[in-house]
Amino acid sequence: MDSVSNPYTPNAGAAPEVMVGRDEQLEAFRVLLQRLERHRTEQSMIITGLRGVGKTVLLGRFGELARAAHWEVVEFEATRHDEARFRQLMFSQLKSTLLRLSPRARWTACSRRAAEVLSAFALPVVKHGAFGLSWDVTPAEGAGDHGDLGMDLTDVLLAFGEAADEQGHGIALLVDEVQFLARTQLEALIQAVHKTVQRKLPVAFVGAGLPQTVELAGDVKAYAERLFSFSHLGALGGDEARRALAEPARLEGVEFDADALELALELTHGYPCFLQELGAQVWSVAEAPRVCRADVALAREAYEAKLDGSFFRVRLDRATPLQTAYLRAMAELGPEPQKAGDVARVMHRESTQVGPTRAELIDLGLLYTPEHGYAAFTAPDFDAFMRRAMPELVVPEVQRRPRKAD
């Protein structure tokens, strides 16, 4: 079929033609905005899930809904930055937000106050010469200038919430890859959002991250479980997965046979990114106006090769040889969460020897800990990929430190 009319979107973070299975989260976000607009409290949201379940896509949809409701949207992907870079990032994002809320020529006292607090927030970075404020706003005194990230960010979000409220708007803060925030940064965000809730200001926060995000949030602030509603995204159910494949094709006048859909679900296990990738590959081999089971079977090799070369490989390429061996040893045991001791035995090592490697893989976002003593892959089907990419387990020799000369 014509590649130009291919209705599937396997690109990272790209919204599908038809979004299915996320109605509950979309409705919860609408309720959050509407309650905050009425100065009623409501839990902000944290969305978790494995790679490829559509967290980034859902955040994008939240942004669209917020803009349609005339809210200002602050959105970014968290990375491993120090506090100085985090302050710089927040300054840049919020400066643009304030100028969208109101041009400087029409700033009220409330808007100017928000600008001054924001300048004070960025002052520690400016003093070290690594960053310029890029606007002539005098920093506030006594707000945003405590030198404590949590207190300073709280002052900023309160000032911005008040400025937005005065304009009849709200601010939606959407942060992807939350697990990569430093502990102090996550703690500061939670503390600041908590204070806006107490003041009943129109500030909504949605964070998206890997499954360990729930534990991270609870560790930094005990009240996080009451401040947020936690929603875990998984694979789509059977009917939803069939819709995700069939409905985009139907928009182009193409129908899937029932047995073609069944094979597709068997290959993808209902994971949204896999469905989009398989759909794109099937489209390239099928002939309109029907997709049959043989088309799906024919597309399987290209589908797996595309996933291996992009979705999976980009993650494995960040791993050292020892980290790769640890992942391959886990794959040897299967797709389920694995005990650290069992993985060590497959590698013919002691748990203490490979413990640091396991911790590094968690830090990289390649593994997470669903429960104490266990680790699991953050990407579905990663075990099968590891067996394809590394047919035999090869564990590097133990590197012995050279003995110091007497």
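Helices (H or I, at least four residues) and strands (E, at least two) are DSSP runs, numbered from the N terminus. This is a predicted model, in which local features need pLDDT of at least 70 and side-chain atom pairs count only at pLDDT 80 or more, while totals for chains, interfaces and linings use all residues. Residues are numbered from 1 along each chain as its sequence is written, and side-chain values use heavy atoms, leaving out hydrogens and water.

View 1. A pocket here is an open set of points on a 1 Å grid over the protein atoms alone, where a 1.4 Å probe fits, with protein on both sides within 12 Å along at least five of seven lines; lining residues have an atom within 4 Å of a point. The largest pocket holds about 880 Å³ of space, a volume being the space filled by probe spheres set on the points, which are joined across faces, edges and corners. Its lining has 36 residues, and N11, A12, G13, G52 and C273 are the closest to the centre.

**View 2. Helices around the largest pocket.** At least two lining residues come from each of α2 (55-68), α11 (272-285) and α12 (293-316). Look to α12 for the largest share, 6 residues.

**View 3. The second largest pocket.** Here the volume is about 290 Å³. Among the 15 lining residues, Q179, L181, Q212, L216 and D363 lie nearest the centre. Two or more lining residues come from each of α6 (183-198), α7 (213-220) and α15 (351-364), and α7 gives the largest share, with 4 residues.
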